[in-house]
Amino acid sequence: MSENRSSFTGKIGFVLAAAGSAVGLGNIWRFPYLAAKYGGGIFLLVYVILAVTLGFALMCAEIAIGRKTGKSAIGAFSSLNKKYGFIGWLAAVVPVIILPYYSVIGGWVTKYFAVFISGGASASAAEGYFESFIGSTFEPLGWFLLFLGLTALVVLFGVEKGIEKVSKVMMPLLVVLTLFIAIYVMCMPGALSGVAYYLTPDFSKFSATTVLAAMGQLFYSMSIAMGIMITYGSYMKKDIRLESSVHQIEIFDTGIAFLAGLMIVPAVFSFSGGDEAALGKGPGLMFVTLPKVFESMPGGTIIGAVFFLLVFFAALTSSISLMETIVSLLQDKLGLSRRKACLVVFAGSLLLGLPSSLGFGVLSNITVAGLTFLDMFDFISNSVLMPIVALLTCIFVGYVLKPKALIDEMEIGGKFSSKRLFTVVIKYIAPICIVLILISSVLDGLGIVKI
Ligand code: PHE
């Protein structure tokens with residue numbers, strides 16, 4: 001481990017920063033929509049089972065790889081085994097693809113927050129408002145620049161003074177704000193039927209697709225298979241108990257996703273008179289339907305502002321983790337200073353984000369396989385690269401490195417009670433499940449617009 005590598009001060013700092021990465025846009029709009037679509041309570045159940053098995057094992061593996069080697073993805077894999085360094089390279093590509101378009105969406109969220117606090121809530125509920133906003137040229141670019149700049153600023157301050165500090169403030173606040181809105185929303189007329197719809201298991205909707213959808217969501221939501229958890233693990237002190245940290249991150253991530261459903265599904269039900277179609281999918285729900293829902297609520301301007309603030313926190317802590325992962329790679333590999341690395345990543349992401357930002361306006365005529373730029377980047381990273389990286393990681397850990405090497409690392413800070421589960425999942429269960437996800441997401445992904 002390099003001598004002056006910075007680190008999180010303690011367990012809480014690490015857990016909140018990792019949870020900050022995990023809790024993001026995926027928890028807030030995607031999870032509620034999927035849960036509602038795939039049978040409510042039954043989806044929740046499947047998701048939780050997968051989280052404590054598959055998600056648990058993969059997250060342990062990544063954090064342990066990071067802590068064991070003290071390096072970010074590329075260096076980590078090649079220092080464990082020279083021949084397998086390519087997995088690190090592949091993992092490193094993912095945040096480079098995601099950060100630019102994630103920041104474009106982060107910019108949209110920032111704009112909506114600004115609109116709500118400046119009293120423009122009802123304007124944003126008007127028909128066509130969102131489309132005309134993202135279709136314009138300079139405004140979305142400006143918000144994108146602001147969001148990316150804020151991300152770079154936090155990363156510039158480093159692991160302890162930037163990332164840990166921001167996560168320690170934003171993550172607890174995020175929980176409080178989410179609880180506040182969920183309770184407020186559940187008190188609205190007609191909301192309880194939404195709660196029932198969200199939570200009641202509908203066994204007739206259970207199928208293999210339910211499991212696949214839950215699995216796809218799990219990887220994305222836990223920020224695995226893109227080197228993030230390896231990087232964060234490399235900043236973790238050896239005396240911290242890894243297993244319980246992973247449990248806490250999972251509880252955080254799943255808890256916020258669950259609560260997001262409790263705020264969004266009942267709100268939309270109360271507004272639409274129980275029409276589940278109003279839940280829609282993708283940006284439409286967050287940027288088109290919800291402003292209308294807020295407009296119809298008593299105190300909706302305030303609730304809307306609070307909502308977009310919490311989405312902003314969630315998105316910012318996630319984009320910070322993406323940028324930190326790339327910055328730490330540049331520091332490790334090219335020996336750049338943090339400052340230079342931040343500048344390079346900021347400028348590079350700005351360039352790469354341009355087509356995503358302009359893809360709904362001036363560049364909307366250009367599509368790849370029917371997808372806009374933003375959807376195409378999302379598809380390549382989430383549906384193709386991430387499952388491949390996850391699969392290679394399992395094969396590497398299970399059969400080349402051998403699980404024992406990571407189990408020893410896990411046990412440095414305390415007992416690892418689920419080592420048998422860890423081994424079985426990494427060697428057998430996860431690879432099979434990931435191959436299934438890969439096939440299914442590539443098959444249907446090309447026809448479906450996701451974000
Ligand atoms: N885990 C984040 C979410 O649930 C998404 C994310 C993906 C964040 C990749 C960072 C990197 O929204």
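Biologist: Hi! What should I know about the model before we start?

Modeller: It is a predicted model, in which local features need pLDDT of at least 70 and side-chain atom pairs count only at pLDDT 80 or more, while totals for chains, interfaces and linings use all residues. Residues are numbered from 1 along each chain as its sequence is written, and side-chain values use heavy atoms, with hydrogens and water left out.

Biologist: Great. Which residues touch the most other members of the largest nonpolar core?

Modeller: Those are M286 and F307, in a core of 168 residues. A nonpolar core here is a set of buried Ala, Val, Leu, Ile, Met, Phe, Trp, Tyr and Cys residues joined through side-chain atoms within 4.5 Å. Buried means under 20% relative accessible area, exposed is over 50%, and partly exposed is in between, with a 1.4 Å probe and protein chains only.

Biologist: And which helix gives this core its largest share?

Modeller: Helix 15, residues 300–334, with 18 residues. Helices are DSSP runs (H or I, at least four residues), numbered from the N terminus.

Biologist: What is F307 in contact with?

Modeller: Apart from neighbours within four places in sequence, F307 contacts I28, I181, M263, I264, M286, L290 and F294. Contact means heavy atoms within 4.5 Å.

Biologist: Switching to holes. How many cavities of 30 Å³ or more turn up in the whole structure?

Modeller: Four. On a 1 Å grid over the protein atoms alone, a cavity is a set of points where a 1.4 Å probe fits but cannot get out, and lining residues have an atom within 4 Å of a point. Points are joined across faces, edges and corners, and the volume is the space filled by probe spheres set on them.

Biologist: How does the lining of the largest cavity split by class?

Modeller: Eight nonpolar, seven polar and no charged residues. Ala, Val, Leu, Ile, Met, Phe, Trp, Tyr, Cys and Pro count as nonpolar, Asp, Glu, Lys and Arg as charged, and the others, Gly among them, as polar.

Biologist: Is helix 1 mostly covered or mostly open?

Modeller: Mostly covered: ten of its twelve residues are buried. Among them are G13, F14 and S21.

Biologist: What span should helix 1 have?

Modeller: Helix 1, residues 11–22, should span 16 Å at 1.5 Å a residue, and its end C-alpha atoms are 16 Å apart, which agrees. The expected span is 1.5 Å times one less than the number of residues.

Biologist: And helix 11, how far does it reach?

Modeller: Helix 11 has 14 residues and reaches 20 Å from its first C-alpha to its last, close to the 20 Å expected. Its buried residues include Q217, F219 and Y220.

Biologist: What follows helix 11?

Modeller: S223, with a positive phi near 55°. A225 has a positive phi too, near 70°, in a residue other than glycine. A225 lies in the loop between helix 11 and helix 12 (228–234), and counts as buried because its relative accessibility is 2%.

Biologist: What about K402, what is its phi?

Modeller: About 80°, positive although K402 is not a glycine. K402 lies in the loop between helix 17 and helix 18 (403–410), and is partly exposed because its relative accessible area is 43%.

Biologist: Last one: is R339 buried or exposed?

Modeller: Exposed, because its relative accessibility is 64%. R339 is in helix 16, residues 338–358, and its C-alpha is separated by 6.2 Å from that of L156, 183 residues apart along the chain.

Biologist: And where is V185?

Modeller: In helix 9, residues 158–186. V185 counts as buried because its relative accessibility is 1%. Leaving aside neighbours within four places in sequence, V185 is in contact with A191, L262, M263, P266, A267 and M297.

Methods: Helices (H or I, at least four residues) and strands (E, at least two) are DSSP runs, numbered from the N terminus. On a 1 Å grid over the protein atoms alone, a cavity is a set of points where a 1.4 Å probe fits but cannot get out, and a pocket is an open set with protein on both sides within 12 Å along at least five of seven lines; lining residues have an atom within 4 Å of a point.
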